[in-house]
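Dear colleague,

I am passing on the structure we spoke about, with the sequence alongside. Please look through it first; my notes on what turned up follow below.

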Amino acid sequence: MIIKVVGAGINHFTDLYKYDENEYLIGVDGGAETIIQNNLSLKLAIGDFDSSSKDYIKKHCDNIITFPAHKDKSDLELTMIYLESVDWDIEDIIIYNATGNRLDHFYAGIHLLVNYSHLPIKIVDKMNMISLIKDETVFTKNEYKYISFFATEDNTIISLKGFQYDLDKYPLAVYDNLCLSNEIKKNRGTVSINNKKVIVFQSN
C-alpha cells in the first residue's frame, strides 16, 4: 500500500499526483479539501481542522479523526502516530504540501523523518524529494539532478561510490555541509553508512 498524505501547505500535490492502484489518500487538516477538490477518493481526514471546513469534508469522507486545536503534537505527526498503529502492509508514505512558506513546519517535517525512521517516509514537492537512509543504499539516476546527504547523529561514517564527488569512510559530522549538491556520475551511485540516520535531499 502506498500512503499519500496531503498537508495544508502550498499545493504541489495537484501537479505531482499520479494514480497508483494500491494508494490510500489521507488529508491532514486543509489537505483533505485539496484531495476532494481534485475529485479523488479521500480515505481518511485527520487534524484539528482549524484551517478547513469540517462540515465540507464530512460530505466527502466518513472516516474523520479530530484532535483539539491546543495539543502537543502537530496534525502531521499525529498522522504518523496513526500509521504506526495500523496493521497495514505499507510500501511508501509520501507527504505532499509540507514544504511551503512556514519554515518551522518544514523543519518539523524533517524531524518526522528522523523520529519515525522506521516508517518509509518521503517528503516531496515540485523540486525536491527528501528521505532518510540508515545503511547501504543504491540511488539510480532519475529526474533529480542533485543529491545531498546530511548526518543527524554523531559518529556517522559515510562512503560514496559512483558520484561526482566520491568519499571513502568520511566522518560526516552533524551540521557538516561537505555532502551538499553532489551528482550521480553515470547511472547509479552507492551510499554506505555505519547504521546512522542520514537525511537525503534529491533536488533540481
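Counting ring pairs in this model, which is a predicted one, gives seven aromatic pairs. In one of them, the ring centres of tyrosine 82 and tryptophan 88 are 6.2 Å apart and the planes stand at 75 degrees, and since an angle over 60 degrees counts as edge-to-face, the pair falls in that class. Tryptophan 88 is partly exposed, its relative accessible area being 27%. Another edge-to-face pair joins phenylalanine 149 and phenylalanine 163, with centres 5.9 Å apart and planes at 85 degrees. Phenylalanine 149 belongs to strand E9 (residues 146-151), while phenylalanine 163 sits in the loop between strand E10 (156-161) and strand E11 (167-172), so this pair ties together parts that are 14 residues apart in sequence. Phenylalanine 149 is buried, with a relative accessible area of 0%, and phenylalanine 163 is likewise buried at 0%. Elsewhere, Phe13, Tyr17 and Tyr96 are linked into a cluster by ring pairs.

Turning to the nonpolar cores, the largest has 25 residues, and Val5, Met80, Ile93 and Ile95 are those with the most contacts inside it. Among the elements that each supply at least two residues to this core are strand E1 (2-6), helix H4 (75-85), strand E5 (92-96) and helix H5 (103-115), and the largest share, four residues, comes from H5. Beyond its neighbours within four places in sequence, methionine 80 is in contact with Val5, Ile93, Ile95, Leu112, Tyr116, Leu119 and Ile121. A second, separate core has 18 residues, including Phe13, Cys61, Ile94 and Tyr144.

The largest pocket holds about 820 Å³ of space, and of its 33 lining residues, Ile94, Lys122, Val124, Met129 and Tyr144 are the closest to its centre. Strand E7 gives the most to this lining, with five residues, and by class the lining of the largest pocket comprises 14 nonpolar, seven polar and twelve charged residues.

The second largest pocket holds about 690 Å³ and is lined by 30 residues, with Ala8, Ser74, Asp75, Leu76 and His105 lying nearest its centre. Two or more of its lining residues come from each of H4, E5 and H5, and H5 provides the largest share of that lining, seven residues. By class, the lining of the second largest pocket has ten nonpolar, twelve polar and eight charged residues.

With best regards

Definitions and conventions: Residues numbered from 1 in each chain as written. Predicted model: local features only at pLDDT ≥ 70, side-chain atom pairs only at ≥ 80, totals over all residues. Heavy atoms only, no water. Core = buried A, V, L, I, M, F, W, Y, C linked by side-chain atoms within 4.5 Å. Buried < 20%, exposed > 50% of the residue type's maximum accessible area, 1.4 Å probe, protein only. Contact = heavy atoms within 4.5 Å. Phe/Tyr/Trp six-rings, centres within 6.5 Å; stacked < 30°, edge-to-face > 60°. 1 Å grid on protein atoms, 1.4 Å probe; cavity = no way out; pocket = protein on both sides within 12 Å on 5 of 7 lines; lining within 4 Å. Points joined across faces, edges and corners; volume = space filled by probe spheres on them. Nonpolar A, V, L, I, M, F, W, Y, C, P; charged D, E, K, R; others polar.
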